[in-house]
Amino acid sequence: MVKNISFDIAALLLLLLILLSCIIRRMTNGIPNRLFLILVSFVLSSTIFDIWAVSLDNAGSTNFPALYAAHSGYLLIHSLVTSVYLLFEIALTDTWHKLRKGFLLQFLLWAPCIAVTALLVTNPFTGWIFTVENGYTRGPGFFVLYITTVIHSVYFIAYLSRYRKLFTRFKLLTISAYLPVGITAMVIQMFYPSLLVEMFAGALSVLLISIGVQRPEEVVDSATLLMKHSAYASDMKRTFYNHKHVTIVMLNIGNYASIHSMMGYDFAIQALDVVASRIREVNKHTGGKADLYYLDTGRFRMVFNRKYYENAADAAHLLMDVLKNSDFSGLDIDLMPFIVLARCPEDIGNFDSLMRLGADFHIRNQFSGTVMTADEAFSKNTLEIQNHIDEIINRGFQNHNFQVYYQPIYSIEHDEFVSAEALLRLYDEKHGFISPEILIPAAEKSGAIHKIGAFVFEEVCRFISSDNFKLLNLKYIEVNLSVAQCMHRDLADNILTTMHQYHVPSDKINLEITETAAANTQKIMTENLNKLNAAGISFSLDDYGTGYSNMKRVIQLPLKIIKLDKSFVDEQHNPKMWIFLQNTVKMIKDMEMEIVVEGIETEEMLRAFTDLKCDFIQGYFFSRPIPEQDFVKFIASAQMKKQQL
């Protein structure tokens with residue numbers, strides 16, 4: 001029977017195109033890419049051997065060495081394709097460390113491969129798998145090839161099922177399509193032996209992976225040719241999910257924003273390319289053991305397996321030395337490389353903490369030109385809190401650990417305290433007071449900020465409706481709103497409902513939004529602010545001057561008060577800053593808005609901003625944020641002293 005090799009030829013052409021595509025798209029770095037190339041090569045080689053073997057059979061060749069070589073090559077490589085596919089799956093799940101520890105897993109992977117290889121190598125002498133003397137004929141042991149394929153197929157299904165959460169639904173379907181496509185082709189070829197469709201089915205499976213899984217445009221940054229932020233996030237999620245131990249060299253270019261703003265986009269991209277080249281050179285020099293990533297805004301990462309910790313340490317110090325050198329192939333710049341050497345999960349215990357801590361450690365630390373450990377960059381207590389922040393928040397609700405503190409606000413005109421800012425505090429039994437700088441971003445990320453915000457606002461309304469508050473004769477209480485709260489669809493309705501429940505007049509509430517929120521133009525946020533303003537609630541802009549200002553946006557918002565950030569106070573002795581402050585205060589006054597100065601700690605500061613004609617003062621000079629009962633006593637005492645004067 002003459003067999004048709006048309007499908008084999010089609011498979012050959014398709015596989016060559018896929019191989020060429022991999023090279024053009026630079027899909028050569030990283031274990032998954034390399035194994036995919038090996039998979040393509042195996043299917044391609046199997047197709048070539050099949051074409052050779054069938055061509056010899058169709059021609060009635062009696063060249064027995066060639067026949068044995070062609071058929072043995074086809075059967076060997078074709079039998080091992082499923083094994084390579086399984087290795088590719090293991091690479092995608094990044095579970096090599098678990099494979100190395102599992103004797104049974106290794107046995108089921110390698111024993112069938114060794115058995116098939118041994119049987120086919122000895123077959124010319126035993127004829128147990130096939131013979132060619134009277135035409136190609138299967139031998140009594142041919143079923144062993146099916147058994148090995150079945151073993152690896154079951155292994156493949158079990159592994160994919162175990163780690164299915166690591167894939168999107170589309171990628172899961174794409175990867176698992178190999179088996180139904182292969183089985184369908186096997187059945188077709190069983191009933192129609194002249195149609196050689198198995199290799200074409202294999203080529204289609206590889207094509208599906210190339211389209212659905214191996215997509216470099218999704219994971220490779222076009223400017224640096226390193227893997228991008230989405231790939232880093234996906235790989236690190238998988239790392240923590242698999243309990244894998246890694247060491248990360250975290251590089252943040254501290255002055256990247258300045259380079260970008262002063263030198264322009266093209267220059268910044270050129271600088272990033274130079275840094276990426278240095279990172280590749282360092283990786284090569286230290287053994288090439290790292291996966292390399294460019295996240296964004298001058299942040300790079302080198303990720304090493306735990307056993308390569310020494311390589312990681314060497315890479316970190318070498319990278320620091322290389323980047324401190326200002327000679328960057330004609331780029332006349334000096335970089336500020338902040339580098340942290342962190343072990344996961346020993347130093348940083350979960351994915352969210354890793355992403356939060358890595359974002360801004362260059363802002364929280366002074367540039368020293370030396371490599372920092374995680375303990376040095378973040379402090380041990382901060383790391384401990386970050387690693388357990390979600391647990392701490394949940395415990396805070398369960399044990400009623402959240403409290404609202406109040407910091408009084410002093411009116412210069414009336415020479416008395418007229419309002420206060422409500423501030424959230426969380427005291428955890430294990431970690432003590434939790435810094436709002438850690439708490440709020442974590443709560444926003446987890447969604448707990450809405451529950452926390454509702455708690456704070458209800459506590460404030462309860463306080464305003466109390467007899468104690470009425471005796472204090474305060475005008476209003478300021479309540480902070482986070483960006484996430486402002487963009488919540490039901491924010492305005494929830495606030496108005498709570499106020500109605502406690503019979504709180506709208507003029508007793510002033511809502512604070514940050515400059516970050518003010519710079520946001522989300523429709524939902526604008527609708528919330530307009531609805532609350534229409535109900536009579538006033539607004540303050542907090543942290544004015546921290547760098548997010550968009551004056552057009554500020555003018556459009558329903559603002560009553562502008563709160564000058566503490567950074568203005570800290571720079572008051574700078575003559576240029578004082579000129580800027582004078583003009584800023586005049587501008588705000590001309591727009592008929594009031595001014596609160598935050599961070600006042602000394603009498604000298606108080607006099608300076610009083611002379612500047614600001615309206616309100618807030619800071620440690622008068623009081624730190626204090627619990628409700630202490631705040632009531634403080635205001636009552638201040639009022640009594642004023643009456644006695």
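Visitor: Does V132 count as buried or exposed?

Guide: A quick word first: this is a predicted model, where local features need pLDDT of at least 70 and side-chain atom pairs count only at pLDDT 80 or more, while totals for chains, interfaces and linings use all residues. Residues are numbered from 1 along each chain as its sequence is written, and side-chain values use heavy atoms, leaving out hydrogens and water. Buried means under 20% relative accessible area, exposed over 50%, and partly exposed in between, with a 1.4 Å probe and protein chains only. V132 has a relative accessibility of 4%, so V132 counts as buried.

Visitor: Between which two strands does the loop with V132 lie?

Guide: Helices (H or I, at least four residues) and strands (E, at least two) are DSSP runs, numbered from the N terminus. V132 sits in the loop that runs between β1 (130–131) and β2 (137–138).

Visitor: How many salt bridges does the model have?

Guide: A salt bridge here is a side-chain nitrogen of Lys or Arg within 4 Å of a carboxyl oxygen of Asp or Glu. By this rule, the count of salt bridges is 17.

Visitor: What separates R462 from its partner E459 in helix α20?

Guide: R462 and E459 form a salt bridge, with the closest N and O atoms 3.3 Å apart. R462 is partly exposed at 30% relative accessible area, and E459 is partly exposed at 24%. The two are three residues apart in helix α20 (residues 448–464), so their separation is about one helical turn.

Visitor: Which residue is in a salt bridge with K586?

Guide: The two partners both belong to helix α28 (residues 575–590), where they are four residues apart and separated by about one helical turn. The N to O distance is 2.9 Å, and the partner of K586 is D590.

Visitor: Which residues are linked with K563 in a network of salt bridges?

Guide: K563 and E598 meet in a salt bridge, at 3.5 Å from N to O. K563 lies in strand β16 (residues 561–564) and E598 in strand β17 (residues 594–598), so the pair ties together parts that are 35 residues apart in sequence. K563 is buried at 0% relative accessibility, and E598 is buried at 12%. In the network, K563 is linked with E421, E478, E512 and E598.

Visitor: Which helix supplies the largest share of the nonpolar patch?

Guide: Patches are made of residues with over 30% relative accessible area and no salt bridge, with nonpolar side chains (Val, Leu, Ile, Met, Phe, Trp, Tyr) joined within 5 Å and like charges within 9 Å; accessible areas come from the Shrake-Rupley method with a 1.4 Å probe, and for residues only the protein chains shown count as cover. F103, L104, F107, L108, W128, F143, I147 and I151 make this patch of about 800 Å². At least two residues each come from α5 (103–126) and α6 (143–162). The largest share, four residues, comes from α5.

Visitor: What is omega for the peptide bond from C344 to P345?

Guide: P345 lies in the loop between β8 (337–344) and α15 (351–364). The bond from C344 to P345 is cis, with omega near 5°.

Visitor: What is phi of H400?

Guide: H400 lies in the loop between α18 (389–398) and β10 (402–411), and H400 counts as exposed at 70% relative accessibility. H400 has a positive phi although it is a residue other than glycine, with a value near 55°.
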